[in-house]
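Subject: A structure for you to explore

Hi there,

Here is the structure I promised to pass on. Please open it beside this email, and then read on for what turned up in it.

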Amino acid sequence: MAAFFSSLYVHVPFCIKNCKYCSFYSLRHNEDLEKLYIKAILKEMEITKQIPHFLKTIYIGGGTPSCLSIYSLNSLLSDLTKNFKTARDVEFSVEINPKTIDKEKIGLMKACGVNRLSIGVQSFNDKELLFLGRIHNSDEAARTVEVVYKEGFENISIDLIYGIPGQTLKSWQETLKQAVSLPVKHVSVYELSLEENTLLGKELNAGKISLPLQDDVAFMYEFASDFLKENGFKKYEISNFARRGFECKHNISYWLRKPYLGLGPSAHSFFDKKRFHNPPDLFIYASFFIDGKAGWVFDYSVDKVEELKEKIFLGLRMTKGITIKKKCLLEFFKDFEKEKLLTISGNRVKLTLNGMLLSNEIFAQVLLHIENCPVCKQE
Ligand code: SF4
């Protein structure tokens, strides 16, 4: 397959302040760094627009894209739409933070063709927001949803986190109730996972905080699955729920392994059967692209075995499951079926709710099996 991509991701590597659980590549925002970033990313667009593409989805994430100044946001959005060939019905998403968005930025996004906003709400409980180190409170989050809706954005998504130290089932239920009372079309629910290099990860290792019991966390997920369904949000992926027709096409393209290009420091790409990424450092990244060179770092080539592994750990995340033709692998899946972690119907394999709760363990076992099974590798 010749190099070609149909989805574009743009990473904006700035935040006003780092959240205590976050391990994404993000710098504290300042004007000089913003200027350097904009200079480099505009160059990166000039280089990459030459790769054959036709964009069906665009996603600007971070970091906090909405913390860019109106001037930089305008340069980024207008250069992007000018440089890349885009489908008329493109899904064009931008992540925003309630604290860094205003009507002027909302208007600019709308004028530049953005048609989906993803709001980092995380919780509607102020204590939990404070614990996580978020810069906004619950009222500001709710107000942001109302304002962007009034300004004409119909496709609104919010992110929520469960499994926060100190969070109770009651406070999680309250957060979900508030979420469905707002005009949102998509809800992502993520279990808090703390990497060692994060502030909360360090506190966890030092025994200063503890995570809720795993049974309670599982119950929060089960509750969210049932409650969101009752309120018209269909689960289409382990962590994602949407009203009909509002599933995130961009993320689906990742899970279906469609080719995409990532711009900006630390952004990952997949096309031409290769996975690669930009350096996760603004200065190294900028030094390449400002000089007119692509600074890609090669990760791996996707051969048949990698393709099979990716199909499983990406495709199986989706509720519709995947088709498995390899007999040996289907046999291997039968043990999970016996434990009611997945269902097999013909060649179609789908995770059950319990399987979704244990998805990481299941994926690890399947990948290990493929690695060590000569039949799976050859069939
Ligand atoms: S706003 Fe998002 S990207 Fe920035 S520190 Fe918080 S979680 Fe990380």
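First, a term you will need: a polar contact is a pair of N or O atoms within 3.5 Å; within protein, one must be able to donate a hydrogen and the other to accept it, and residues adjacent in sequence count only if both atoms are side-chain atoms. This is a predicted model, where local features need pLDDT of at least 70 and side-chain atom pairs count only at pLDDT 80 or more, while totals for chains, interfaces and linings use all residues. Residues are numbered from 1 along each chain as its sequence is written, and side-chain values use heavy atoms, with hydrogens and water left out.

**Two domains**

The chain is assigned domain 1 (5-255) and domain 2 (304-378), with bounds that come from an automatic or database domain assignment. Their contact (heavy atoms within 4.5 Å) takes 12 residues from domain 1 and 11 residues from domain 2. The C-alpha centres of the two domains lie 29 Å apart.

Together the domains bury about 1,000 Å², with 69% of it on carbon and sulfur atoms. Buried area here is the accessible area (1.4 Å probe) that two parts lose on being put together, summed over both. K235, I238 and W255 supply 49% of the area that domain 1 buries against domain 2, more than any other three residues.

Across this interface there are 4 residue pairs in polar contact (both at pLDDT 80 or more). On the domain 1 side, α8 (214-230) gives the most, with 4 residues. Helices (H or I, at least four residues) and strands (E, at least two) are DSSP runs, numbered from the N terminus.

**Salt bridges**

A salt bridge is a side-chain nitrogen of Lys or Arg within 4 Å of a carboxyl oxygen of Asp or Glu. The structure holds 12 salt bridges, and the rule finds 1 across the interface of domain 1 and domain 2. E237 pairs with R317 in a salt bridge, their closest N and O atoms being 2.5 Å apart. D79 and K82 form another salt bridge (3.6 Å, N to O). Because they are 3 residues apart in helix α2 (residues 70-83), D79 and K82 are separated by about one helical turn.

**The ligand and some backbone details**

Which residues surround the ligand? They are C15, K17, N18, C19, Y21, C22, G62, G63, T64 and R134, each with a heavy atom within 4 Å of the ligand.

Most residues other than glycine have a negative phi, and most peptide bonds are trans. The peptide bond from G62 to G63, however, is cis, with omega near 20 degrees. G63 sits in the loop between β4 (53-62) and α2. R257, a residue other than glycine, has a positive phi near 65 degrees. You will find R257 in the loop between α9 and β11 (260-263).

Enjoy exploring!
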